[in-house]
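Please look over the structure shown below before reading the notes that follow, which are grouped by topic.

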Amino acid sequence: DGWSDAVFWRELTAGYRGTELPPPPVQYGDYAHWQRSWAADGGYADQLAYWEEHLADLQVLDLPTDRPRPQVQSFDGAHIPFTVPEHTAARVRDLAQATGSTPFMV
């Protein structure tokens, strides 16, 4: 996505310039400790209950399986060009900005 791409290029450029990057605000060990604490305090149970409630009424998705997979995978596919109306694109951008995400994530 665009956010990750910007981080990648900024860090790559800094490496080529010999610029030292600042240490990350959180180390992996800190995150792992937080995650273990969160799980011990029932975080997973809360998440599981949330998703069970929100997904409870879904029907099984019946996908067509009338053709076997080819022996050799190909990436021959189709694309369908479309235009997103400007008012919709603007709302997507606004939502992305409000949630600290990218339009691709929205």
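Leaving aside its neighbours within four places in sequence, which residues is Pro103 in contact with? They are Val92, Arg93 and Ala96, where contact means heavy atoms within 4.5 Å. This is a predicted model, in which local features need pLDDT of at least 70 and side-chain atom pairs count only at pLDDT 80 or more, while totals for chains, interfaces and linings use all residues. Residues are numbered from 1 along each chain as its sequence is written, and side-chain values use heavy atoms, with hydrogens and water left out.

**Pro103**
- Pro103 lies in the segment after α4 (86-99), helices being DSSP runs of H or I with at least four residues, numbered from the N terminus.
- Pro103 counts as partly exposed because its relative accessibility is 44%, given that buried means under 20% relative accessible area, exposed over 50% and partly exposed in between (1.4 Å probe, protein chains only).
- Between the C-alpha atoms of Pro103 and Pro81, which are 22 residues apart along the chain, the separation is 18 Å.

**Helix packing**
- Helix α2 (residues 28-40) packs with helix α3 (residues 43-55) at an angle of about 65 degrees, their axes being 5 Å apart; axes are lines fitted to C-alpha atoms over the stretch in contact, and angles run from 0 to 180 degrees between N-to-C directions.
- The two helices, α2 and α3, are therefore roughly perpendicular to each other, a class that covers 65 to 115 degrees.

**Tyr16**
- Tyr16 has its place in helix α1 (residues 2-17), and Tyr16 is exposed, with a relative accessible area of 72%.

Conventions. Parallel < 35°, antiparallel > 145°, perpendicular 65-115°, else oblique.
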